[in-house]
Amino acid sequence: MLECYRGKTTTGITLVYKKFGYIKIDDARINEVCDAYFKWKDLNTYIKSTSSRGINIPDAISEPMGCYCLGYLWNRGKEVGDATDPVTNSKIEFKATSNFDGDLSSFGPQTVFDDLVFLRFNLNDNQLYIYDLRINSDEFGAYPANKTQTIQDQKNEGRRPHVSLQKLFVEEKQLKPDIIFDIRRCKIIKDNRY
């Protein structure tokens, strides 16, 4: 499942991962991911103070958080999708935004998934809002990419459609988050799935 080698550091021995398969995000891993989030946030704040825009939140932070909260396995090998539901074997596509007030997600022409999950970070409160959009790539393709084309139309042309999941789903359908995750406490603070 996972191949690694040992690398020396000034503080001791650390594992460096070379090949990945499915990774279960356990409590130890989510603590590391939450720590990485705050390092990214500090860097992003600095860059935004010297530039007109910040840096996107890395998938190495957003995807493990989504997997931890939803009980998915993180796909780091040749598997399709960002994650896999171990119960149904569904392929999950994550799209994340660190701009709580708006997003723009792009989808490659070959992107295929069984379920789309929107990860919306609130940097002010250090919380992650998770929306399971409950839509597969075929259904998603029927949504508009612009006034004249659907998402699938653009994918058929080999283009990468860019759409706002917040506008198409959260605002249009007045969705409430399925889960709210407190990043500082590494803990789910609200679960609306049940």
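Which residue's side chain meets that of Arg76 in a salt bridge? The points below start there.

1. Basis. This is a predicted model, in which local features need pLDDT of at least 70 and side-chain atom pairs count only at pLDDT 80 or more, while totals for chains, interfaces and linings use all residues. Residues are numbered from 1 along each chain as its sequence is written, and side-chain values use heavy atoms, with hydrogens and water left out.

2. Arg76 and Glu63. The partner is Glu63, with an N to O distance of 3.8 Å. A salt bridge here is a side-chain nitrogen of Lys or Arg within 4 Å of a carboxyl oxygen of Asp or Glu. Arg76 sits in the loop between strand S4 (73-75) and strand S5 (83-84), and Glu63 in helix H2 (residues 59-70), so the pair ties together parts 13 residues apart in sequence. Helices (H or I, at least four residues) and strands (E, at least two) are DSSP runs, numbered from the N terminus. Glu63 is buried at a relative accessible area of 5%, whereas Arg76 is partly exposed at 30%. Buried means under 20% relative accessible area, exposed over 50%, and partly exposed in between (1.4 Å probe, protein chains only).

3. Other salt bridges. The structure holds seven salt bridges. One of them joins Arg159 to Glu157, with 3.2 Å between the closest N and O atoms. Both residues are partly exposed, Arg159 at 37% relative accessibility and Glu157 at 48%. Another links Asp182 and Arg185, where the closest N and O atoms are 3.8 Å apart; Asp182 counts as buried at 10% relative accessibility.

4. Helix H2. The helix that carries Glu63 has 12 residues and reaches 16 Å from its first C-alpha to its last, close to the 16 Å expected at 1.5 Å a residue. The expected span is 1.5 Å times one less than the number of residues. Nine of the 12 residues are buried, so H2 is largely enclosed by the rest of the structure. Among the buried residues are Ile61, Pro64, Met65 and Leu70, as well as Glu63. Just after H2, Gly71 takes a positive phi of about 75°.

5. Cysteines. The structure holds zero disulfides, a disulfide being a pair of cysteine sulfur atoms within 2.5 Å. The sulfur of Cys67 is 9.6 Å from the closest cysteine sulfur, in Cys69, too far for a bond. For Cys69, the closest cysteine sulfur is in Cys34, at 8.4 Å, again too far for a bond. Cys67 is buried at a relative accessible area of 1%, and Cys69 is buried at 4% relative accessibility.

6. Largest pocket. Its volume is about 770 Å³. On a 1 Å grid over the protein atoms alone, a pocket is an open set of points where a 1.4 Å probe fits, with protein on both sides within 12 Å along at least five of seven lines; lining residues have an atom within 4 Å of a point. Grid points are joined across faces, edges and corners, and the volume is the space filled by probe spheres set on the points. Of the 30 lining residues, Asn56, Ala96, Thr97, Ser98 and Asn99 are the closest to the centre.

7. Pocket lining. The elements giving two or more residues are helix H1 (27-50), H2, strand S6 (91-97), strand S7 (105-106) and strand S8 (115-122). S6 supplies the largest share, five residues. The lining of the largest pocket divides into nine nonpolar, 12 polar and nine charged residues. Ala, Val, Leu, Ile, Met, Phe, Trp, Tyr, Cys and Pro count as nonpolar, Asp, Glu, Lys and Arg as charged, and the others, Gly among them, as polar.
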